[in-house]
Amino acid sequence: MGILKPEIECASRNYLKALQSERLIKMVKNAYENVPFYKQKLDEMGIFPDDIQSIDDITKLPFTVKTDLRDNYPFGLFAVPQSELVRIHASSGTTGKQTVVGYTQKDIDVWSECAGRAIVATGGNKDDLVHISYGYGLFTGGLGLHYGAEYIGATALPVSTGNTARQLQLFQDFGSTVLCCTPSYALYLGEAIRDAGISLDSIKLRAGIFGAEPWTEEMRAKIETLLGIEAYDIYGLSEIAGPGVSFDCEAHNGMHVNEDYFYPEVIDPETLEPVPDGTVGELVFTCIGKEALPLIRYRTRDLCSITHEKCSCGRTIVRMSKPMGRSDDMLIIRGVNVFPSQIEHVLLECGMEPNYMITVDRINNLDTLMVEVEVSQELFADTIKQLESEKKRLEAAMQNTLNVHAHIKFVEYGTLPRSEGKAKRVIDKRKI
Ligand code: DLL
């Protein structure tokens, strides 16, 4: 498969380290001189830009968290005046003010290149018609992949989300080759193709670039079958750039971090100390190649591990494992930590449909966990006795993996809400 920038993506570790050191020194200076928040923080800690001589000095620097962005809403952490910005994006999150991010022209170029690397890693080139069904707007998904597609000279098709019938029509009429959207929407599009009786031979899709939410390997297999494509993961967050912070290659064995621009660390979220390769912890990024928003050691809340081992695809840049969830998505049920992705894993492993809804409640001071899952038409037609035994099998599998009891409730196919963007799969009534 293709590699857009082999001189970086396959560079020696020494070369990368030298580049990162040079860029870190420059960015810390920029942050110190142009962002009063960082000047104050570093002054308080008695650290000065000159103390940073190489990338290894990064651990001397303070962390940045989401509330720092919110406290300095909207433009307080920007290192350039608004006249230097060419774009603003924002992410809504579930609570509080929007998190606002800005880009200079150079930042947009960097981000487009990173998204371009992700498309090229799927075998993408100028002959591709990149069908973008991520949302366009303040969300970074749509425009991120759009600029990535144009960067490599492919044809961008800015369909955005929604109007599923039109999406299918365009697949057939325009011959889209690469689909970009959330994995939950990809699944929905796949189901829609199947339900409409459209033959996979009549569409030209060959690859999909899916991200913006956690998804399991089982979900990947399901989407690949429904759409007749190879599915690639893509990771990113608006604070750091958007989609393309890291991306999947043909090995599908972790996502390659564009570490020449976004330097990753994994820390223990309790002690805040870096953990060794292979150990799961919280992912932290430093934007060593950005001008407008030079975030230092930004705590993503995403939980994963990293490895510096060379990949079979030839790339040497660090790989991160699929984020299993965010520390703030983790449910604590009767004291046991449960991630929605574990529930998805069990359901798909047991042959169920990946359409489910998790409801957590507290009844008589006891937490309860209910998983509604859609069943296929065939299963729904089964006798009550058969359904009951299927339910028992699932509940046992859940207990095994989660170590807590999950009550399974079967619902008819097509009755749970479908998502065009990030799927909402958890209702926690305990907070209400
Ligand atoms: O979701 C950017 C994006 C757009 C990424 C399109 C990929 C594709 P935010 O809205 O700021 O940005 O949300 C970022 O989404 O911290 C993760 O928790 C989660 N996330 C993003 N990609 C993945 C992925 C965009 N591939 C937050 N796997 C991140 C798991 C993901 N979680």
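## A guided tour of the model

The structure holds 8 aromatic pairs; rings of Phe, Tyr and Trp (its six-membered ring) pair if their centres lie within 6.5 Å, and planes under 30 degrees apart count as stacked, over 60 as edge-to-face and the rest as tilted. The model is predicted, so local features need pLDDT of at least 70 and side-chain atom pairs count only at pLDDT 80 or more, while totals for chains, interfaces and linings use all residues. Residues are numbered from 1 along each chain as its sequence is written, and side-chain values use heavy atoms, with hydrogens and water left out.

**Aromatic pairs**

Select Y32 and F48, an edge-to-face pair with 6.4 Å centre to centre and 75° between the planes. The pair links distant parts of the chain, 16 residues apart: Y32 lies in helix α2 (residues 13–34), and F48 in the loop between α3 (36–45) and α4 (66–71). Helices (H or I, at least four residues) and strands (E, at least two) are DSSP runs, numbered from the N terminus. Y32 counts as buried because its relative accessibility is 15%, whereas F48, at 40%, counts as partly exposed. Buried means under 20% relative accessible area, exposed over 50%, and partly exposed in between (1.4 Å probe, protein chains only).

Next, select Y103 and W111. Their ring centres are 4.9 Å apart and their planes at 15°, so this pair is stacked. Both Y103 and W111 are buried.

Now select strand β11 (residues 281–287), where 7 of the 7 residues are buried. Strand β10 (residues 262–267) pairs with β11 in the antiparallel sense over 6 bridges; two strands pair if DSSP finds at least two bridges between them. Here F262 stands opposite C287 in β11. Strand β12 (residues 298–304) also pairs with β11 in the antiparallel sense, over 4 bridges, and C304 in β12 is the bridge partner of G281.

**The ligand**

Finally, select the ligand and the 20 residues around it, of which D233, I234, S238, D302 and K422 come nearest. A residue is near a molecule if one of its heavy atoms lies within 4 Å of it. Which element gives the largest share of this shell? Strand β7 does, with 5 residues.

Then show the backbone of I234, where a polar atom is 2.7 Å from a nitrogen atom of the ligand. A backbone N or O atom of A212 lies 3.0 Å from a ligand nitrogen atom.

Terms used:
Polar contact = N/O pair within 3.5 Å; in protein donor to acceptor, adjacent residues only side chain to side chain.
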